[in-house]
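Trainee: I am new to this one. Can you show me the structure, then let me ask about it?

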Amino acid sequence: MTFTVKPVAPDRLPDLLRQMPKAELHIHIEGSLEPELIFALAERNGVRIPYANVEALRSAYAFTNLQSFLDIYYAGASVLLREQDFYDMAHAYFVKAAQDNVVHAELFFDPQTHTARGVSMETVVNGLHRACVDAQKELGVSASLIMCFLRHLSEEDAFASLEQAMPFREKIVGIGLDSGEVGNPPEKFASVFARCRELGFHLVAHAGEEGPPAYIWTALDVLGVERIDHGVQAIKDPALMQRLAKDRVALTVCPLSNLKLCVFPDLTSHNLRKLLDAGLAATVNSDDPAYFGGYMNDNFTRTFAATGMTAQHAYTLACNSFEASFISAQAKAGHIALLDACFEGFN
Ligand code: HPA
Ligand code: ZN
């Protein structure tokens, strides 16, 4: 990174954070379902949801840990039945992303949540993929799909999901691992990740959100992932911090998610600044924005306000997001040139 960042007055920093082009690398598309859309889809599909109205649903979003969120998140996804539902969900996200100057997004999706309810892999992948194609055409946002295995289910189940996805191989850029972390270490999925590697998928995994640093080590050394999703618990292990810095392993950090799921007691205590200052390739992401109270720019502006990070940190985070993405070297260079121009022209 050769670009020199000019100092920016604290009162101008939020504008710079909003304006700068950025990539989002950690968004569960089912976590972008706003309560209004949940109710609209429930009505369209004749699905009953156990909340009286939008306000009652939203007021249930008071979480104490990851599992308390996942229970509501999987219930919300039950309104998704047809290809158009998946399209509408992703399209709504892309509109918000474009407003936040997200120019590239890599979307996680959880097919097992849907196939277990009798919705086919084809319905899920085709709806999401069509929304990705239209996002580029209509909004200028490039996008790709990362299929996640649910780690609370068996490895056999993950293999079955991979098999179902093979006809749509060209529509999926990578494989991830999500859901309840503690008690479901990465190594539980060693064989299926080895197969995904042979198939040429990019590999990522959630690790060190609530789980211990040991899970980050095995995500790297057993699964062979290229990025760690969350990874904030790495701070407890100095040798791991050195490894992540030396190998420039990207961490897709999600500050408002960590706040809502009580990983940190408040945003002031969030360790994003420490991770960056230790030389780790951290990025900022929204995780499940409909549930955690904010999309990309909310994550940036609130975290910067709470931690006193600077324009230099902002540049580093945006640059890291492009460097860590699964796009071509040429596309990365193009985005970073526009990022430089944004910082150059900002006053
Ligand atoms: N962690 C694990 N699984 C998830 C998450 C998360 O933050 N969001 C959706 N599935
Ligand atoms: Zn996540």
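Mentor: Start with a definition. Buried means under 20% relative accessible area, exposed means over 50%, and partly exposed is in between, with a 1.4 Å probe and protein chains only. Now the ground rules. This is a predicted model, where local features need pLDDT of at least 70, side-chain atom pairs count only at pLDDT 80 or more, and totals for chains, interfaces and linings use all residues. Residues are numbered from 1 along each chain as its sequence is written, chains are lettered from A and ligands numbered from 1 in the order written, and side-chain values use heavy atoms, without hydrogens and water.

Trainee: Is Cys 262 buried, exposed or partly exposed?

Mentor: Cys 262 lies in the loop between helix 12 (255-260) and helix 13 (272-277). Helices (H or I, at least four residues) and strands (E, at least two) are DSSP runs, numbered from the N terminus. The relative accessible area of Cys 262 is 47%, so the class is partly exposed.

Trainee: What is phi of Cys 262 near?

Mentor: Cys 262 is a residue other than glycine, yet phi is positive. The value is near 60°.

Trainee: Which cavity does ligand 1 sit in?

Mentor: Take a 1 Å grid over the protein atoms alone: a cavity is a set of points where a 1.4 Å probe fits but cannot get out. A molecule sits in one if more than half of its atoms lie within 2 Å of its grid points. For ligand 1, that is the largest cavity.

Trainee: Which helix gives the largest share of the shell around ligand 1?

Mentor: A residue is near a molecule if one of its heavy atoms lies within 4 Å of it. The residues surrounding ligand 1 include Leu 66, Phe 69, Asp 178, His 206 and Asp 288. By class, the shell has four nonpolar residues (Ala, Val, Leu, Ile, Met, Phe, Trp, Tyr, Cys or Pro), four charged (Asp, Glu, Lys or Arg) and four polar (the others, Gly among them). Four residues come from the top contributor, helix 4 (residues 66-76).

Trainee: How much of ligand 1 does the protein bury?

Mentor: Look at the contacts first; a polar contact is a pair of N or O atoms within 3.5 Å, and within protein one must be able to donate a hydrogen and the other to accept it, while residues adjacent in sequence count only if both atoms are side-chain atoms. A nitrogen atom of ligand 1 is 3.3 Å from an N or O atom in the His 28 side chain, and a nitrogen atom is 2.8 Å from one in the Glu 209 side chain. An oxygen atom of ligand 1 lies 3.3 Å from a polar side-chain atom of His 230. Taken alone, ligand 1 exposes 260 Å² (Shrake-Rupley method, 1.4 Å probe), and the share buried by the protein is 100%.

Trainee: Why is His 230 classed as buried?

Mentor: His 230 is found in strand 6 (residues 227-230). Its phi is positive, near 75°. His 230 is buried because its relative accessible area is 0%.

Trainee: Which side chain does Arg 243 join in a polar contact of 2.9 Å?

Mentor: Arg 243 is placed in helix 11 (residues 238-246). At 19% relative accessibility, Arg 243 counts as buried. The side chain at the other end of the contact is that of Asp 221.

Trainee: How many Å separate the C-alpha atoms of Ile 175 and Ile 146?

Mentor: Ile 175 lies in strand 4 (residues 174-178). At 0% relative accessibility, Ile 175 counts as buried. Ile 146 is 29 residues away along the chain, and the separation is 5.2 Å.

Methods. 1 Å grid on protein atoms, 1.4 Å probe; cavity = no way out; pocket = protein on both sides within 12 Å on 5 of 7 lines; lining within 4 Å.
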